[in-house]
Every structure is written in structure tokens, then in C-alpha cells.
Amino acid sequence: MNDLNVIHADILASARDHGEPMQGKGQGELHLIEDGAVAIRNGVIACAGPTKQVLRDAGEDAPTIDGTGCTVLPGLVESHSHPVFSGNRHHEYGMRIKGLSGRAIRKSGGGIWSTILNTRNAPDQALMDNALNAFQNILAGGAATLEVKSGYGLTTGQELRLLRILNQAATQTPLDIVITFLGAHIAPQDGPSPETYAAEVRDEMLPKVMAQGIAQFHDITCETGDFSADLAADLLAASRKAGMPARVHADASAHSFGWRTAVEGGAVSADHLTYTPDSEIRDLGPCRTIATLLPIAEQFYLDNRRANGRLFIETGVPVAIATDFCSSFQATSLTLTIAMACSWFRLTPAEAVIGATLNAAYALGLQQNKGSLDRGKHGDLTILSCSHPDEIATRIGAPLVRQVVSRGKVIFNSPSFRP
Ligand SMILES: [Zn+2]
């Protein structure tokens, strides 16, 4: 089963997947079809195009959604989140506004280290409930696929526990979940040096994660004060040897050679890139590593810097966009994140939409099944209450997400929409 027709969309918008992530001028090649339709059969896309043509080719004999007044996109892909933790740090935002740095807040006993202590002490069920709550809100924000990371445990036992909880949570949500092992999130503040801890990640955690088959990616922070470029490169090499694709938290708070380390280490993506200098982007040139930009994170952290999204695109680097839902701030709306990517990085709405669909699918290795409306991919759709994808960027904060479809099944209906 799982057949569905979505017809008469004001605009059907999708990139065409040519077998590689969209880069350079291609980043803006969002194909728009007026009075568009998608036919999903057995959970996969049978055809997409003008309504007349789709109904002629696929037939009318399927449950049908009328997309009048709507923009229909491929199911959005959220490619960077940290939803498994305990504790609430909203009070730190006022401290940041007053000028305290993240590192200063960490030193005073708050910040991410307090989340790690809270998370270590939280029961499994509480962590699971928090994760599932985040999943539901991220789904309501328009995502059909979600990448989730461990990283608030920072011991072998705790990191494995968080990955087990994420695996269990993945069975209790209609979202497609991709699980990432982030042992090297920050350098622990309770003993081991970054070198000793990175060796534990490499020699104890990674082999156990591999043996238990509880993660699809290995994420490594490359940041001055946490893990140096040498340590991150060593962990990337261990990942390559183990056969687990890697991604990098790069240059989030200082220039740390994170972009270079990620590209040279063959990472699938490098995320943040706030402090990556233009010269490093130009030196490395076009590449397959996806630059995942996090506009809401940059605005929240109040740095006087932003990733040079335009230069990444002009250099021929594929760009993805993600929320970075985490213990510091809980951004759940990928549509709002697309809007923020436009104003913050000067991406066009088309470039940002591709960043949250096709390029994000490539960043998760899911391009065979996700990220575009090409025939044979999963029947995942995000249906928005607006008549053009540009309106994602102009109707800031409007509840645009009307429905989310995963493999032909509606997995989210907006409370304000009566089907
Ligand atoms: Zn992150």
C-alpha cells in the first residue's frame, strides 16, 4: 500500500538529482512546476510533474491530497541535531547577551559541561522522553528525516548508552532517523587530557560502536581548546580504517583548521565553519565534503562572525543547512532555518531549500532515497501552506508546515489544517 496522490499544488519544487550534491550555480537550480503533482506508489515516487500528466501516467486510483494553495517540497532533511540530553540552560542566554563567552560560561560551571553532568545522571527513560519530544517538534517543523548525535556522555559507557537510547527512540517515531556517534564532542573537564580522551574514542569507543552497529556516522570536533587538527585528523583516519563515514564540527568558535582537516580527511560534511577563513576555502577549492551551515546557532552564539556561505557556493562547495538543535538552544523549525539562512548568509531561497533537501540527503548518505522527487526515491514530502517556496523566507515564523509525508504516509498534520 502506501499509495498517495498529491495534486494541484500551486508549486511543486525540487532539485533534480544528477548523482552528486548541488554545487556552484547548481545550488540554486530548484525546478518549479505550477499546478504540480506527485504520485507515490508502494511508498516510492512513481512520478512528479504537472497534475494532468501525473494523473494520466499514474492514475487517479489512490488516496488524494489537494495541494491547492500549497508548495510541495521533497521531505525536508534535518542533518545536524543533538536531541539526547537532560537539563535546561535557558538562563545562560541572558549571560551571553551581557557579553559572557561560551567558554567563560563553561568555566563558571554552566554551559555544555553542566549538560553532560545532568545527562550522565538522568535515567534512560527521561532521556528517551526528551529525545522523542524533540523528534516530534522537529517533525512539526517540517523534517521527514532527522540526523541525531550522541555526545553528552563523554565516557565509553555513557556514549554507548546514549546511542542505545537513540536507537530505541528511532523505533518509536515516524521520522527516518540517522544516528551519529559523537564521542569527541568536547574535551572532558573531569580528568583526561584531550589527547588521552581522543585515544579512548579511537581505541575503545569507536570499535565498540562499530561492533554493536549502533551508529551510521562518526562525528569529530576540530576546535582549538578541544581537539586540535592533529587529533581530529587522527580520529578521521581511524574512522576511514574502520569503514565508518565521518563528519566534523569545524571552526565553530575559532579558526582551528577544521575545514581543511575535514576535506583532507574525507569527511562527508563539515558543520558550523563560522571562523573558517576565506583563504582556506579558496585554497581547498571545490570538493565533495558538504559545508553544513547553521544560521540559528551563529545568531544564538552572538559571535561577530558568520560562515562565508556565498564563498562556499561560489567556490563550488555543496552547502547544506541545519538547525543544530542542542542543549544550548532548541531550534526545531527547518523552515525557519531556511529563512534565516537566506538573510544571514545571503543565500537565495532556492539555494537554502536545496541545502535542506538534496544536499542534506547527500550529507547523510541518503541520496539514493531522499532529498528530491526523482522517480524511485522514497515518497517523502513536506507540504507548506504557501504558494511559492520563496515565501519560506518572507513569512518568518508563520506556521507554514501543513503536512509531512513519509514513504506515502502522512506522518504530520498541522493542528490548524483539517484534512
Ligand atoms: Zn552540533
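User: What does it take for residues of domain 1 to be in contact with residues of domain 2?

Analyst: Two residues are in contact if their C-beta atoms, placed from the backbone, lie within 7 Å. This is a predicted model. Here, 27 residues of domain 1 are in contact with 30 residues of domain 2.

User: Which elements give two or more residues to the side of domain 1 that touches domain 2?

Analyst: They are strand 5, helix 16 (391-394), strand 15 (401-406) and strand 16 (409-413). Strand 15 gives the most, with 3 residues. By class, this side of domain 1 has 16 nonpolar, 8 polar and 3 charged residues.

User: How do I read strand pairing? Which way do strand 1 and strand 5 run?

Analyst: Look at the bridges and the direction. Strand 1 (residues 4-14) and strand 5 (residues 71-74) run parallel, joined by 2 bridges. One partner pair is L12 and V72. Strand 5 also pairs with strand 14; these two run antiparallel, with 4 bridges. There, L73 has T382 as its bridge partner.

User: Which residues touch the most other members of the largest nonpolar core?

Analyst: V6, V38, I338 and V353 do, in a core of 134 residues. Helix 13 (residues 334-345) supplies the largest share, 8 residues. Both domain 1 and domain 2 give this core at least three residues each. Take V353: leaving aside neighbours within four places in sequence, its contacts are A13, L30, L73, I338, P389 and I392.

User: Now a helix. Which residues of helix 4 are buried?

Analyst: In helix 4 (residues 111-121), the buried residues are G111, I112, T115, I116 and T119. Seen down the helix axis, they fall within an arc of 160 degrees, so they line one face. These buried residues pack against helix 2 (92-97), helix 3 (102-107) and helix 5 (124-140).

User: What about a loop residue? Is Q367 buried or exposed?

Analyst: Count the neighbours. A residue is buried if 20 or more other C-beta atoms lie within 10 Å of its own. Q367 has 21, so Q367 is buried. Its loop runs between helix 15 (358-363) and strand 14 (381-384). Not counting residues up to four places away in sequence, Q367 touches D17, A361 and Y362.

User: How many residues apart in sequence are Q367 and I116?

Analyst: They are 251 residues apart in sequence, and 33 Å apart in space, C-alpha to C-alpha.

Notes
Residues are numbered from 1 along each chain as its sequence is written. This is a predicted model: local features need pLDDT of at least 70, side-chain atom pairs count only at pLDDT 80 or more; totals for chains, interfaces and linings use all residues. A residue is buried if 20 or more other C-beta atoms lie within 10 Å of its own, exposed if 12 or fewer, and partly exposed in between; C-beta atoms are placed from the backbone. The arc is that of the directions from the helix axis to the C-beta atoms. A nonpolar core is a set of buried Ala, Val, Leu, Ile, Met, Phe, Trp, Tyr and Cys residues joined through C-beta atoms within 7 Å. Domain bounds come from an automatic or database domain assignment. Two strands pair if DSSP finds at least two bridges between them. Ala, Val, Leu, Ile, Met, Phe, Trp, Tyr, Cys and Pro count as nonpolar, Asp, Glu, Lys and Arg as charged, and the others, Gly among them, as polar.
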